[in-house]
Amino acid sequence: MSGIIDYTIVVPAYKEAGNLRPLVTRIFAALSRIDSPVPAYLVEVIIVDDNSRDGSEQVVQSLQQEGYNVRIIIRTTERGLSSAVVRGFQEAQGDNMLCMDADLQHPPEYVPQMLATLSPTKQFVLGTRYGGGAGSDEGWPLYRRVISNGARMLALPLTSASDPMSGFFGIRKESFLKARNLNPHGFKIALDLLVKAHIQSTAIAEVPFTFGLRSIGESKLTGKVMMRYLEHLAELYWFSYHAPIAFVLLLLTVIILFAWHYFTRTVEAPVEIPISKGRGGH
Ligand SMILES: Nc1nc2c(ncn2[C@@H]2O[C@H](COP(=O)(O)OP(=O)(O)O[C@H]3O[C@H](CO)[C@@H](O)[C@H](O)[C@@H]3O)[C@@H](O)[C@H]2O)c(=O)[nH]1
Ligand SMILES: [Mg+2]
């Protein structure tokens, strides 16, 4: 393994043993392609697992023995997606950090492009399901689309990013270190960072991608997680505007009416990125 790491991929994981091998091997295969803008030897992967006890640790050990630069942090006293991502970013050696899910809904073939997009002028890169060439797999349930669009509308006053609900994003370490009072609860760490690290719209790059279907295991999105999101939004509105609640409600009503038309438009066909047949290096 190399001593110098410029890029760190953080993967929050809970009971994802079956997904870790395909995830890690596909990431490094994509980075090992001749046309990858980022060389595989500059990249590390950190899995942040909340004591799943499902064999994840053994899977990572065997990947390490095969030479993949991956390690696993097992938390026993804390739980939650957002705090897991923050922990991974705190442990990262790379100045360029990417967050992605373990369940292959974020295609590993986009990793090289996402990492290479980060720069001193582009402090944040967002994998977006909205806009040209992006979308979600047709099999993604209608109720999840409604929840996702509703959550996105409510965040409109907080950031110019098109998909702040996305869990596929990258941030430069210097921006991450500027963020104070990050919210450890819930699923929306990208939104939290966009607001609390004061990421300007010109510093955000967006990469359209197609949100796939979970291959193995179950989603951890529950009603409780959604309630936490509403609490989180209230906190972010306060953080951004210090606004009295009546003003916030008025603002939300206007935005929901305004956005209705916007969100009912059709989405264009997804961009095809070939599945990597990399040289297998790591
Ligand atoms: N360590 C840890 N990881 C967790 C926890 N809860 C979930 N994860 C991990 O976080 C990732 C996303 O969890 P899913 O349960 O697959 O989420 P989802 O419903 O598919 O939601 C995805 O889409 C949302 C956008 O609609 C994203 O906001 C979200 O981050 C995620 O990408 C997976 O790798 C999962 O194992 C937890 O408590 N602890
Ligand atoms: Mg998922």
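Helices are DSSP runs of H or I spanning at least four residues, and they are numbered from the N terminus. The views below are taken from a predicted model.

**View 1. Overall fold of the protein chain in the predicted model.** The secondary structure of the protein chain consists of 9 helices and 9 strands. The protein chain has 282 residues, of which 43% count as buried. Among its contacts with a separation of 6 or more, 82% link residues 24 or more positions apart.

**View 2. Strand β4 (residues 96-99) and the strands paired with it.** All four residues of β4 are buried: N96 and L98 point one way from the strand, and M97 and C99 point the other way. Strand β1 (residues 7-13) pairs with β4 in the parallel sense through 4 bridges, and within this pairing I9 has L98 of β4 as its bridge partner. Strand β7 (residues 169-172) is likewise joined to β4 by 4 bridges, but runs antiparallel to it. In that pairing, N96 has R172 of β7 as its bridge partner.

**View 3. The largest nonpolar core, with 71 residues.** The members that touch the most other members are I9, V10, V11, V24, I27, I47 and V111. Helix α1 (residues 17-31) supplies the largest share of this core, 9 residues. In soluble globular proteins, nonpolar side chains tend to be buried together. Leaving aside residues up to four places away in sequence, V24 touches V45, L63, Y68 and V70.

View 4. The buried residues are I189, A190, L191, D192, L193, L194, V195 and K196. The elements that cover them include the helices α3 (81-91), α6 (173-178) and α8 (223-241), together with the strands β5 (124-128) and β7. After α7 comes H198, which has a positive phi, near 55°.

**View 5. Residues 277-282 and the confidence of the prediction.** Over residues 277-282 the pLDDT stays under 50, and the model has 14 contacts beyond four places in sequence for these residues. For the protein chain, the mean pLDDT is 86, and 83% of its residues reach 70 or more. The complex receives an ipTM of 0.96 and a pTM of 0.85 from the predictor.

Conventions. Residues numbered from 1 in each chain as written. Chains lettered and ligands numbered in written order. Predicted model: local features only at pLDDT ≥ 70, side-chain atom pairs only at ≥ 80, totals over all residues. Helix = DSSP H or I, 4+ residues; strand = E, 2+ residues; numbered from the N terminus. Buried ≥ 20, exposed ≤ 12 C-beta atoms within 10 Å, placed from the backbone. Contact = placed C-beta atoms within 7 Å. Pairing = 2+ DSSP bridges. Core = buried A, V, L, I, M, F, W, Y, C linked by C-beta atoms within 7 Å. pLDDT = per-residue confidence, 0-100.
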